[in-house]
Amino acid sequence: MLGVRFVRFLKDRGGNYAMMTAALMVPLLGALALGVDYTEMSRQRQATLHALDAAGIATARRILEGASDAEAKAYAQQFFAANLGRMDASKVQLHVQFPAQNGGGETLKLSADLNYEPFFLPAFVLGKGSANASLEFSTSSEIRLKNTLEIALVLDNSGSMDVNGTGSGRKRMDLLKEAATELVETIARQAQQMKQVDAPVRFSVVPFAGTVNVGSQHANAAWMDTQGRSPIHHENFDWSTMGAQDANRRIELVDGIYRKIGSGWGNEQNEIVTRFSLYGELRRITGTTQRCVSFRNNGSCRSSGWVTDIETAPAASWQGCVETRPGSLAYDVTPANGANPSSLFVPMFAPDETDLLDGWSRRAMGNWWADMLEGSSNSAARQRYMPKYFKPAELGTAYMGLDQGPNLMCTTTPITPLTDVSTTAGLNTVKQAIADMRALGATDIPEGTAWGWRTITSTAPFTQARPETERGNDKVLIVLTDGFNTYYTPNSLGYNDLANNRSIYSNKGYTGVNAPGANRTRLYQNTSVNSSTHSNANFTSAMNQHLDKVCADAKAAGVIVMTVALDLSSSVANERDAIDAMRRCASDSRYRSDPSDPSKPAKLFWNANGSNLADKFREIADELSNLRIVG
């Protein structure tokens, strides 16, 4: 039937179809004209907006460098025109509103009026006589005078990160690496567009578990306690046992520094003794050779003339982890100062613990060296007996690296300081640091947060950051954890505590050893937690208070803190406390409102699981982008 009608249409010679077609042509061509003009108008508007954003960020930087309003305006006009592409700059009028005119004085506002001359629209829509008609529209961009970013990725590397993330079928660590890498790449692409700004975005990577690794290359840094003068440096050592074992090989305190005293030290007499030097004393036998020192007349060796030479090699070296500073210095950014020994950072050295087993045949967690006190049942004395470290370990002893021997609880890869990701080399450095992370150890969120803060602070230990007084720079902490703060009693991990240490050794020492000059161990200092109770729950409560303090101090210093809780359940008490602590730690958003209460700003806190972690990190990327462009 349709074919018949079509044939009739072709044969028809009447005027009805022609009249209908003519009548329809106007609206049809008008719609086509509208589509063409709308597409071109949208392209020009988008090009104008992109040019505004680019000019705004560049001009904001010029203002921060001290340019006058006239100089900044001329620069904005030049930069704006250069970024319009093939558009006619004479058809666009730029307006610049400087920070001093904005009330708050923190943003630079740029707007543009575009005089768009349509191709077809006047004839088909506006009617005759409108051939030269034009359309005008405006667009604007608001640029914060804070257009560089310094971001510390403070990422949980504890053992639980080796578990599959909820709803993903993949390990949390792998999910984190993927999401963090995408975040860095996204922000790096934005940074690479800002050629006129030096190092517009820099990232540091701070892996944390029960401790933080600052990097063994810093052993001789001025901020490290290289002379053993910090009050916590020798808190687990009893150097008097050296003289008791050999009066000619003593170690004594001389003018606040421990030194080798006595002729038995030979050329080493008066050398300084520290944890660093103690690492050097640890040797292991790798072989023996015999040589003759007394010969018969016939040239043969006397039976008593043979001497056995022992060949040794290092048994361990400092892997880079440091102790928590005592008192109020624990989690702040006070620079290390030789005039205040407590401010210096002390290398971790896990004491060798007793060889003895308890009644359940449990060994001590930190038993890694021979005690040399055979016959003694005093495990505390065996632990603190220092001559043992100066005797080489038996043949077959293996070298002890991360999380072994004196480096027990040092489990993470080192900190990567602030690195410019606008360069390919810098971006690759940060991505490699993320890829190298491994899951092992306990969880100390305040320690990781404190070191993240230190990487974006301009003073030592890490000095790559811009000065805190410099305008135009935001400092950001992104802290992620999949667990609650942990410090352990030996019994809870299946080890004995015959020496009454009350806890395993970690970055806060033993909880059974009070900080020098204090009536509390470092873990309990500056908390309201009962320090006479040594339990995992009490340890966690104290560390949660530490987290509250470091987060509050960082935010008070102007740092933006973003937090992520990964796979934590509000139905589990410890995990619920961790969620609450991470939410308290987070800053308020400058741009988003709380969905449940629009009158309040949204918290920069994300409660993530394995299936949506990547999405949460994309939201973080959006928030970071908003620190540069508003609106």
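R466 is buried, because its relative accessible area is 8% and buried means under 20% (exposed is over 50%, partly exposed in between, with a 1.4 Å probe and protein chains only). R466 sits in the loop between helix 10 (445-455) and strand 11 (473-481). Helices here are DSSP runs of H or I with at least four residues, strands are DSSP runs of E with at least two, and both are numbered from the N terminus. Apart from neighbours within four places in sequence, R466 is in contact with R61, T148, E150, D198, A199, R202, S458, N473 and K475. Contact means heavy atoms within 4.5 Å.

The model is predicted, so local features need pLDDT of at least 70 and side-chain atom pairs count only at pLDDT 80 or more, while totals for chains, interfaces and linings use all residues. Residues are numbered from 1 along each chain as its sequence is written, and side-chain values use heavy atoms, with hydrogens and water left out.

**The protein as a whole**

The secondary structure amounts to 13 helices and 16 strands. Of the 631 residues in the protein, 49% are buried. Among contacts between residues at least 6 apart in sequence, 68% join residues at least 24 apart. The protein exposes about 28,500 Å², and carbon and sulfur atoms supply 50% of that area. Accessible areas come from the Shrake-Rupley method with a 1.4 Å probe; for residues, only the protein chains shown count as cover.

**Disulfides**

A disulfide is a covalent bond between the sulfur atoms of two cysteines. In this model, a pair of cysteine sulfur atoms within 2.5 Å is taken as a disulfide.

| Pair | S to S distance | Torsion about the S-S bond |
|---|---|---|
| C292 and C301 | 2.0 Å | about 95° |
| C321 and C410 | 2.1 Å | about 75° |
| C551 and C585 | 2.0 Å | -80° |

The torsion of C292 and C301 makes that disulfide right-handed. Both C292 and C301 are buried.

The disulfide of C321 and C410 is also right-handed. C321 lies in the loop between strand 9 (306-314) and helix 8 (379-384), and C410 in the loop between helix 8 and strand 10 (416-420), so this pair ties together parts that are 89 residues apart in sequence. C321 and C410 are both buried.

The link of C551 and C585 is left-handed. C551 belongs to helix 11 (residues 536-556) and C585 to helix 12 (residues 573-585), so the pair ties together parts that are 34 residues apart in sequence. C551 and C585 are buried too.

**Helix 5 and helix 9**

Two packed helices are described by the angle between their axes and the distance between the axes. Helix 5 (residues 172-192) packs against helix 9 (residues 424-435) at an angle of about 170°, and their axes are 10 Å apart. Axes are lines fitted to C-alpha atoms, for helices over the stretch in contact, and angles run from 0 to 180 degrees between N-to-C directions.

From helix 5, the residues K177, A180, T181, V184, E185, A188 and Q192 meet L427, V430, K431, I434 and A435 of helix 9. The residues of this contact divide into seven nonpolar, two polar and three charged. Ala, Val, Leu, Ile, Met, Phe, Trp, Tyr, Cys and Pro count as nonpolar, Asp, Glu, Lys and Arg as charged, and the others, Gly among them, as polar.
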